[in-house]
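User: I am new to this structure and would like to go through the terms used for it. Please set each value against its definition.

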2 protein chains.
Amino acid sequence: MALEGRNVDTAKLELANRLFFRLYQCANMLHKTGTRAVETEGLTTQQWAVLGALSRERVQHGMSVGELARYLMVSRQNLAGLLSRMERDGHLTIGPNGRDRRSRVVTMTATGRRVWQQRALPKIRAYYENILTDFSVNDLSHTLHYLLKILDNMGRIDAEQLQAAART
Amino acid sequence: MALEGRNVDTAKLELANRLFFRLYQCANMLHKTGTRAVETEGLTTQQWAVLGALSRERVQHGMSVGELARYLMVSRQNLAGLLSRMERDGHLTIGPNGRDRRSRVVTMTATGRRVWQQRALPKIRAYYENILTDFSVNDLSHTLHYLLKILDNMGRIDAEQLQAAART
DNA sequence: TTCTTTAGGACAATATGTTGTCGTATATTA
DNA sequence: TAATATACGACAACATATTGTCCTAAAGAA
């Protein structure tokens with residue numbers, strides 16, 4: 001039994017190793033091919049993630065910088081640079097928040113919405129369909145489920161690491 | 001039937017959208033939590049990928065820069081910076097190739113191997129186990145299978161995009 | 001033996017991502 | 001009201017990633 005257990009662990013580690021290597025490659029290829037898919041619009045995958053977040057119905061009135069950083073799981077400092085480039089390009093505006101005067105509200109501009117809906121979305125849909133041709137709806141939901149599970153655990157580890165660092 | 005088909009497509013697009021968003025988040029969290037896991041060793045997830053590639057038995061005699069770039073799926077220019085930092089840190093050396101004098105061979109140093117095997121690997125294993133606690137061997141191989149499928153299609157799209165650009 | 005391809009150095013511009021720190025204004029809570 | 005927490009700007013340093021261009025040297029094919 002002990003031996004069996006160790007073999008399972010070894011198998012798991014070997015699989016885990018391959019899995020993370022492929023995840024690493026996937027991440028790079030996503031940015032490379034994804035950015036290429038929308039480069040005519042002057043966008044990148046990161047900017048497309050921001051526009052995707054802002055285009056949701058529930059955020060018609062915008063999101064604060066902090067909310068957006070938490071939603072996208074990136075640092076505030078990184079997001080600041082991203083947002084300033086997108087403001088420069090006219091895709092969004094950063095205005096004051098009436099309720100909380102420390103906070104600023106990020107909103108899509110009419111131009112940004114037009115670029116997103118009329119030019120970027122069709123290309124993004126084509127990109128999705130191109131990559132997921134041989135995926136059934138079932139395959140997709142399984143993959144999504146696994147990614148969510150990994151993400152959950154990474155979030156937990158992130159919190160643990162932050163706590164460990166705080167104790168120092 | 002046509003209506004059914006469109007609903008399936010809509011469902012697929014919605015799932016695809018969520019899937020890629022989660023993939024994007026996963027990529028960021030992988031680099032964040034992964035790098036934190038090995039930061040005591042002065043490593044990053046990218047450097048761990050390089051060491052992982054070089055530590056394989058079949059590359060005891062090293063790999064050329066181009067081979068490594070293709071294996072990791074990163075650009076030559078990016079890899080050059082990575083390798084020079086790792087050479088600076090003493091983890092690897094870049095020497096001449098006896099057979100092909102254009103090519104240079106990247107090899108792990110004894111120090112690099114020691115850091116990798118004795119200090120990094122235990123932490124990486126702990127990291128894997130921490131993230132994949134609630135994954136069965138079956139879950140792992142399914143996730144790996146889906147990632148490989150996505151990666152295959154991304155590779156195909158990459159080639160198509162390069163071809164399209166070449167026609168311009 | 002030329003011609004073409006391949007390998008890689010060197011450099012630049014740009015975008016993305018992290019951490020850390022300092023400072024200020026504003027909310028919130030005790 | 002006074003202490004504390006939060007939101008964010010403004011920097012800096014660093015690593016990672018892309019693209020593009022120009023160059024040289026060497027390998028391989030016609």
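Analyst: This is a predicted model, in which local features need pLDDT of at least 70, side-chain atom pairs count only at pLDDT 80 or more, and totals for chains, interfaces and linings use all residues. Residues are numbered from 1 along each chain as its sequence is written, and chains are lettered from A and ligands numbered from 1 in the order in which they are written.

User: Which residues come nearest to DNA strand C, and what makes a residue near a strand?

Analyst: A residue is near a molecule or strand if its C-beta atom, placed from the backbone, lies within 6 Å of it. There are 23 residues around DNA strand C, and A:S75, A:N78, A:R101, B:S64 and B:G66 come nearest. Helix α4(A) gives the most to this surface, five residues. Helices here are DSSP runs (H or I, at least four residues; strands are E, at least two), numbered from the N terminus.

User: How do the residues near DNA strand C divide by type?

Analyst: They divide into four nonpolar, 12 polar and seven charged. Ala, Val, Leu, Ile, Met, Phe, Trp, Tyr, Cys and Pro count as nonpolar, Asp, Glu, Lys and Arg as charged, and the others, Gly among them, as polar.

User: What is found around DNA strand D?

Analyst: Of the 24 residues around DNA strand D, the nearest are A:S64, A:G66, B:T44, B:S75 and B:N78. Here α4(B) has the largest share of the surface, with five residues. By type, the surface near DNA strand D has five nonpolar, 12 polar and seven charged residues.

User: Where does α5(A) have a kink?

Analyst: The kink lies at A:A120, shortly before the proline A:P122, and is about 45°. The bend is the angle between axes fitted to the seven residues ending at a residue and the seven starting there.

User: Why is A:I150 called buried, and what does A:I150 touch?

Analyst: A residue is buried if 20 or more other C-beta atoms, placed from the backbone, lie within 10 Å of its own, exposed if 12 or fewer, and partly exposed in between. A:I150 has 23 C-beta neighbours inside 10 Å, so A:I150 counts as buried. A:I150 lies in helix α6 (residues 137-167) of chain A. Not counting residues up to four places away in sequence, A:I150 touches B:C26 and B:I131. Contact requires C-beta atoms, placed from the backbone, within 7 Å.

User: Why does A:M73 count as partly exposed?

Analyst: A:M73 counts as partly exposed because A:M73 has 18 C-beta neighbours inside 10 Å. A:M73 lies in the loop between α3 and α4 of chain A, and its phi is near 65°, a positive value in a residue other than glycine. Most residues other than glycine have a negative phi.

User: How do you know what relation chain B has to chain A?

Analyst: Copies are superposed by least squares on the C-alpha atoms of residues with pLDDT of at least 70 in both. Chain B can be laid on chain A with an RMSD of 0.0 Å by a turn of 180° and a shift of 0.0 Å along the axis. That is the relation of a two-fold axis. Of the residues of chain B, B:A27 comes closest to the rotation axis, with its C-alpha at 2.7 Å.

Conventions. Contact = placed C-beta atoms within 7 Å.
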